[in-house]
Amino acid sequence: LPSQLAAAAVFIARRTVGRNSWSPTLLRYAMYCEEEIAPVARALLAEKAATSPELRAVNKKYTSSRYGGVANTVLVCDF
């Protein structure tokens with residue numbers, strides 16, 4: 001579901017910046033618990049790791065300093 005994908009992106013982003021990965025507020029508004037979102041987040045990170053040739057342009061774009069080099073951010077799947 002798109003809402004699970006969005007929740008997984010929030011989950012990954014919060015873990016990346018060192019915040020609590022899932023808060024009671026997120027649980028209330030997203031209506032997903034951390035246990036439901038973690039597998040989706042793992043799958044999302046696995047897809048990012050398997051960069052296909054079609055997405056190289058996107059990866060190159062977000063590696064530039066103009067976009068803060070966010071494509072170079074190491075995302076650890078430790079959940």
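How are α1 and α3 oriented relative to each other? This is a predicted model, in which local features need pLDDT of at least 70 and side-chain atom pairs count only at pLDDT 80 or more, while totals for chains, interfaces and linings use all residues. Residues are numbered from 1 along each chain as its sequence is written, and side-chain values use heavy atoms, with hydrogens and water left out.

The protein has 4 helices and 0 strands, where helices (H or I, at least four residues) and strands (E, at least two) are DSSP runs numbered from the N terminus. The axes of helix α1 (residues 2-16) and helix α3 (residues 34-49) come within 8 Å and cross at roughly 85 degrees, the axes being lines fitted to C-alpha atoms, for helices over the stretch in contact, with angles running from 0 to 180 degrees between N-to-C directions. The two helices, α1 and α3, are therefore roughly perpendicular to each other, a term that covers angles of 65 to 115 degrees.

| Helix | Residues in the contact |
|---|---|
| α1 | Gln4, Leu5, Ala7, Ala8, Ala9, Phe11, Ile12, Arg15 |
| α3 | Glu34, Ile37, Ala38, Val40, Ala41, Leu44, Leu45 |

By class, this contact of α1 with α3 has 12 nonpolar, 1 polar and 2 charged residues, with Ala, Val, Leu, Ile, Met, Phe, Trp, Tyr, Cys and Pro counted as nonpolar, Asp, Glu, Lys and Arg as charged, and the others, Gly among them, as polar.

For the protein as a whole, the C-alpha atoms fill a box of roughly 35 × 20 × 20 Å, taken along the principal axes.

Terms used. Parallel < 35°, antiparallel > 145°, perpendicular 65-115°, else oblique. Contact = heavy atoms within 4.5 Å.
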